[in-house]
Amino acid sequence: MSIKLRLILSNIAMITVPIILFMITSFLLMIVFLGDIREMANFLPESHNYHKTKQEDTLFFLELKEKSAVNPVELLSKEYLESLKSELSSIDSGLMIRKNDEIFYRTEDLEKVRAEELPVFGTERSFRSLEKIGEQTFAMKQHDFYLQDGSEVSLFLMRDASPWNQFVRTFFPILFGLCLLILIATNGLLAYFVSKSIIKPINQLKKASYFIKAGDLEHSITAVRNDEIGQLTQAFEEMRLQLKQSHEIQKQYEDNRKELIAHISHDLKTPITSIKGYIEGIRDGVADTPEKRTRYIQTIYTKAVDMDHLIDELFLFSKLDLGKIPFEFERIDIKDYLTDYFEELSFDLRKQNVGLHFQFAPQGHYYVSADREKFKRVLANIINNSLKYMDKDKKELIITMHSTDKNVEISITDNGPGIPEESIPFIFNQFYRAEQSRNKLTGGSGLGLSIAKMIIEEHNGEIKLESTLNVGTNITICLPNDTCAGETIL
Ligand SMILES: Nc1ncnc2c1ncn2[C@@H]1O[C@H](COP(=O)(O)OP(=O)(O)OP(=O)(O)O)[C@@H](O)[C@H]1O
Ligand SMILES: [Mg+2]
């Protein structure tokens with residue numbers, strides 16, 4: 001239930017409960033002061049039309065009043081008064097007539113009532129509340145009139161109201177107090193439940209926000225209800241998750257940056273230390289023969305070339321990382337492109353005794369959108385690795401290609417030493433080199449494959465590596481297929 005609806009309902013309850021209680025109290029009050037609920041009819045505006053609205057006893061009383069005006073002598077005649085008895089008993093009332101302070105007539109049920117206890121002549125009112133007369137309580141109506149001889153006659157229509165009156169008088173304070181108590185309790189309970197359902201989740205949110213303020217992003221909160229606060233809690237939780245994720249990314253970036261600086265310093269420090277050593281050797285005369293000096297100088301040159309290569313790679317890597325290298329994409333037939341590329345390379349490959357095998361249909365065309373130069377860099381990094389790490393006498397390179405509606409897959413497989421399984425997940429990380437390569441004298445910064453990955457990702461493609469130790473390594477590049485409908489796909 002939404003908070004809005006809850007507030008509306010509680011407001012309705014806060015209005016209706018007091019109204020109901022007020023009505024109950026009024027009802028009780030009426031019984032106390034009027035003796036009978038039916039007396040209410042006297043207050044109604046339609047009371048002038050008494051035949052319709054008035055009770056029997058009121059009508060009877062009005063009849064007596066009328067009689068007192070029209071024919072008071074008959075009214076006081078014994079026969080007439082006796083004839084009223086049945087009607088009186090049907091309205092459960094008794095009649096008393098007082099003439100000049102003396103009781104003139106009374107019905108049997110009013111035997112105990114004494115004349116001096118009755119209201120005095122001239123105190124007639126249109127309605128009268130309960131009247132305590134002697135031990136009893138009566139709901140009574142009084143009518144005063146004069147006879148022709150000047151006698152003062154009072155007519156009392158009386159109904160015993162003792163049991164009712166006793167009940168209400170005894171219980172009225174209790175009932176009234178109970179009504180008040182119910183009113184306070186209803187208001188209190190409504191206020192408690194409505195505020196609890198709002199305050200509890202707000203406190204939960206407050207606590208969660210303190211955790212976030214203190215930098216603890218692990219503290220999760222769950223929305224219990226689906227109301228406005230529930231939605232706020234949900235949004236808060238999503239915000240926390242997003243914040244946590246961006247924190248993790250930030251931390252990863254920070255760790256990467258630190259690692260990068262450590263690697264760069266290490267990879268630059270190593271050749272510089274050996275260059276320094278060789279130069280000291282020449283300066284201090286350790287290289288005392290021309291051959292030794294030439295060897296020293298050659299080593300210094302090789303180290304400088306390595307450094308130059310590393311700085312180039314670093315430069316390219318950081319530019320790719322910052323997204324500062326423009327890509328010039330064009331639609332190329334990747335089969336023709338690869339054939340040309342390997343043709344350029346064939347001389348070097350033959351020299352290194354590498355067997356090159358193409359496995360794709362000669363008549364097929366595979367179109368992709370690529371940056372020629374950057375893609376060449378990817379191929380170079382992959383092929384250079386194969387050539388650098390290949391340890392078999394008979395070296396093999398297999399290039400395969402196949403396409404689906406969505407992608408073109410180019411796969412380069414060598415029969416080199418392979419990569420240990422535990423190194424594969426990190427192979428595309430910057431500066432990562434499998435332990436066996438670090439130990440060998442192959443050189444390299446560990447940036448080649450991470451550069452290749454960045455370039456392929458810029459092409460909206462994917463690069464994967466599979467490798468089996470002592471069998472070989474296979475790298476698959478997956479690029480979006482740019483072959484137009486109607487062109488041959490094989
Ligand atoms: N074809 C392969 N055969 C065996 N190991 C490989 C092969 N390709 C990559 N590796 C392993 O993966 C590591 C990472 O390769 P990557 O090309 O990123 O760096 P590198 O060759 O060491 O240095 P760089 O390419 O920057 O000169 C290498 O150090 C090597 O251990
Ligand atoms: Mg490499």
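This report covers the nonpolar cores and the salt bridges of one predicted model.

## Ground rules

Local features need pLDDT of at least 70 and side-chain atom pairs count only at pLDDT 80 or more, while totals for chains, interfaces and linings use all residues. Residues are numbered from 1 along each chain as its sequence is written, and side-chain values use heavy atoms, with hydrogens and water left out.

## Nonpolar cores

The largest nonpolar core has 53 residues. A nonpolar core is a set of buried Ala, Val, Leu, Ile, Met, Phe, Trp, Tyr and Cys residues joined through side-chain atoms within 4.5 Å. Buried means under 20% relative accessible area, exposed over 50%, and partly exposed in between (1.4 Å probe, protein chains only). Ile334 and Phe375 have the most contacts inside this core. At least three of its residues come from each of domain 2 (228-320) and domain 3 (326-480). These domain bounds come from an automatic or database domain assignment.

Look at Ile334. Leaving aside neighbours within four places in sequence, Ile334 is in contact (heavy atoms within 4.5 Å) with Tyr366, Val368, Phe375, Met401, Val408 and Ile410. A second, separate core has 18 residues, including Phe60, Leu88, Leu95 and Leu157. In soluble globular proteins, nonpolar side chains tend to be buried together.

## Salt bridges across the chain

The whole structure holds 20 salt bridges. Each is a side-chain nitrogen of Lys or Arg within 4 Å of a carboxyl oxygen of Asp or Glu.

Glu313 pairs with Arg377 in a salt bridge, with the closest N and O atoms 2.7 Å apart. This pair links distant parts of the chain: Glu313 sits in helix α9 (residues 290-321) and Arg377 in helix α11 (residues 372-389), 64 residues apart. Helices (H or I, at least four residues) and strands (E, at least two) are DSSP runs, numbered from the N terminus. Glu313 is buried, at 4% relative accessibility. Arg377 is partly exposed, at 29%.

Glu108 forms a salt bridge with Lys85, and their closest N and O atoms are 2.9 Å apart. Glu108 lies in the loop between β2 (102-106) and β3 (130-133) and Lys85 in helix α6 (residues 85-90), so the pair ties together parts 23 residues apart in sequence.

Glu254 is partly exposed at 30% relative accessibility, and Arg257 is partly exposed at 42%.

Salt bridges also link Asp57, Lys141 and Arg159 in a network.

Definitions and conventions:
Chains lettered and ligands numbered in written order.
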